[in-house]
Amino acid sequence: MNDELISKKELLDLTGISYGQLYRWKRKSLIPEEWFIRKSSFTGQETFFPKDKILSRIDKILNMKDGLSLDELADVFSPSLKEISLTAEQLLERNIVTSIALDVYLKASRHEGSFMFEKILSVFVLERLLQSGDISMEEGRLLVQTLTEHYPAFAGRDCELLLIRKMGVAAFILMSKNSEIYFDRGVKVVVRLSMAQVTEELKLKIGEGGE
Amino acid sequence: MEQSIRDMKLNGVGQAAGGRYKRVQIDGIGTIGGEVHCEELLCNGQLKLNAPLTAEQITINGTGKITGPVHSGDFRTDGMLNIEEEVRFDKLVINGMFKCGAGARGEHAEIYGTLKLKKDLQCEILEVWGNLQVEGLLNAGTIRLEMIGKCKAREIGGEHIIIRKRGTAPKLLELFSGKLASRLTADVIEGDDIELEHTKARIVRGSRVRIGPGCEIDYVEYKDTYEADPKSDVSQAKHI
């Protein structure tokens with residue numbers, strides 16, 4: 001939350017969008033309410049935004065808006081889970097996950113049939129951490145269990161996934177967004193992932209392959 | 001376990017619990033204590049609902065007071081409506097007065113009379129003939145406001161913003177007291193196309209800005225075009 005802020009005026013100058021567009025995107029929930037920060041400045045009350053977040057969001061909107069309607073875009077950015085289901089074959093075919101991650105997932109959860117979005121998300125996160133070499137397959141199972149048991153509790157709200165290690169023992173933590181957490185010195189934070197961001201990436205990936 | 005959904009009908013003075021209904025009709029004075037889900041709600045007289053309401057269609061002739069949040073498709077009120085929490089609508093038509101203790105969000109709103117909101121109003125099309133008082137942000141694709149009396153909004157944003165005063169001749173009341181004159185007060189107005197009349201604002205920013213008669217504006221910023229009526233007072237205008 002030491003994010004650098006940018007004023008509305010600077011933002012419009014920088015991106016070339018108009019006031020009308022900005023307000024329209026706000027109405028369509030493409031830009032979350034929390035990003036509109038009202039602060040007093042020397043000209044009176046002004047609206048500010050977290051700089052990095054808003055610039056990357058606007059960049060994405062501008063790049064994608066030709067292909068998708070605003071409502072579809074809003075879907076991509078919302079942290080709630082889309083109604084979608086794919087079979088294991090489709091997941092592999094569309095290169096959303098690899099067979100290694102899928103195997104680990106299937107072993108951990110004894111899952112059958114097609115995958116709902118929430119499940120795909122678990123596999124997607126697993127895939128990501130396995131690929132980056134941050135976790136072993138054994139730890140992957142632990143991850144799958146954590147996500148299956150506790151992720152639904154966040155019910156559409158954004159949360160963060162944390163992986164810590166102390167003396168080689170791994171632990172997964174799911175916590176609500178923007179909460180502060182401190183560890184003792186022996187603890188190493190290996191991974192810190194925003195689930196909303198992963199959800200967004202996954203939705204884009206599914207969107208590209210389908211339709 | 002398919003159960004047929006029933007109607008609720010209250011005639012005279014009556015009380016009911018909430019629930020799931022197909023059609024709810026109240027003729028007289030009806031008080032409902034619990035949450036209501038229905039396809040259609042019609043009230044002729046007075047409705048008091050101390051819980052949330054979700055309906056595809058709501059028609060109130062008379063007065064309505066709802067303390068919970070309201071979700072509605074078609075929402076029409078002739079008379080007075082008071083809602084204490086958030087309102088969502090597809091289409092909202094008010095003839096009379098609408099007071100809301102929180103914000104409202106929807107597609108299309110038409111207000112003939114008075115609109116008072118404690119928080120933000122967001123919709124695609126907003127048309128108001130009469131009086132408007134929004135304590136938060138008024139955000140709409142198209143805003144057409146024909147003012148009668150004193151109007152107020154903290155911030156206005158949108159694509160097309162048109163603020164006019166109803167009728168041109170000053171009314172008798174306005175001659176006696178300036179306080180009753182039709183006038184909009186806002187802090188910031190931002191949009192693509194902005195047309196203002198009889199407006200007092202601190203900052204107006206837009207692509208195409210037209211300032212009509214009777215305005216009092218501290219600072220205007222415009223991108224493409226700017227016009228100002230000689231009968232209005234603009235302290236500073238800047239092209240960016």
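A pocket here is an open set of grid points with protein on both sides within 12 Å along at least five of seven lines. I needed that before starting, and I also noted that this is a predicted model.

**Entry 1: the second largest pocket**

I looked up the second largest pocket and got a volume of about 420 Å³. I counted 18 lining residues, and those nearest the pocket's centre are A:Arg27, B:Arg88, B:Arg105, B:Gly106 and B:Glu107. On the chain A side, helix 4 (70–77) gives at least two residues to the lining.

**Entry 2: chain B**

Chain B has 13 strands and one helix. The C-alpha trace of chain B spans about 70 × 45 × 20 Å along its principal axes.

**Entry 3: where A meets B**

Next I went to the interface. I find 20 residues of chain A in contact with 25 residues of chain B. The area buried between the two chains is about 1800 Å², and carbon and sulfur atoms give 34% of that. A:Arg27 was already in my notes, as one of the residues nearest the centre of the second largest pocket.

I also went through the pairings across the interface. The rule finds nine salt bridges between chain A and chain B. One that I wrote down joins the side chains of A:Lys8 and B:Glu190, at 2.6 Å from N to O.

Which elements of chain A make up the side that touches chain B? Helix 1 (8–15), helix 2 (19–27) and strand 3 each supply at least two residues. Helix 2 of chain A has the largest share, with seven residues. By class, this side of chain A divides into nine charged, eight polar and three nonpolar residues.

Last, I looked for cavities. Rolling a probe the size of a water molecule over the atoms shows where empty space is left. How many cavities of 30 Å³ or more are there? I get two.

The largest cavity has a volume of about 60 Å³. Both chains line it: A:Lys8, A:Arg38, A:Gln45, A:Glu46 and A:Thr47 from chain A, with B:Glu155, B:Asp187, B:Val188, B:Glu190 and B:Arg205 from chain B. So the salt-bridge partners A:Lys8 and B:Glu190 are both in this lining, by the rule that a lining residue has an atom within 4 Å of a point. Strand 3 (44–50) of chain A and strand 10 (183–196) of chain B each supply at least two lining residues. I classed the lining as seven charged, two polar and one nonpolar.

The second largest cavity holds about 30 Å³ of space. Its lining is B:Arg144, B:Leu145, B:Glu146, B:Ile162, B:Ile163 and B:Arg164. Strand 8 (121–147) and strand 9 (150–165) of chain B are the elements that give two or more of these residues. By class I have three nonpolar, three charged and no polar residues there.

Definitions and conventions: Residues numbered from 1 in each chain as written. Chains lettered and ligands numbered in written order. Predicted model: local features only at pLDDT ≥ 70, side-chain atom pairs only at ≥ 80, totals over all residues. Heavy atoms only, no water. 1 Å grid on protein atoms, 1.4 Å probe; cavity = no way out; pocket = protein on both sides within 12 Å on 5 of 7 lines; lining within 4 Å. Points joined across faces, edges and corners; volume = space filled by probe spheres on them. Helix = DSSP H or I, 4+ residues; strand = E, 2+ residues; numbered from the N terminus. Nonpolar A, V, L, I, M, F, W, Y, C, P; charged D, E, K, R; others polar. Contact = heavy atoms within 4.5 Å. Buried area = accessible area lost by both parts, 1.4 Å probe. Salt bridge = Lys/Arg side-chain N within 4 Å of Asp/Glu carboxyl O.
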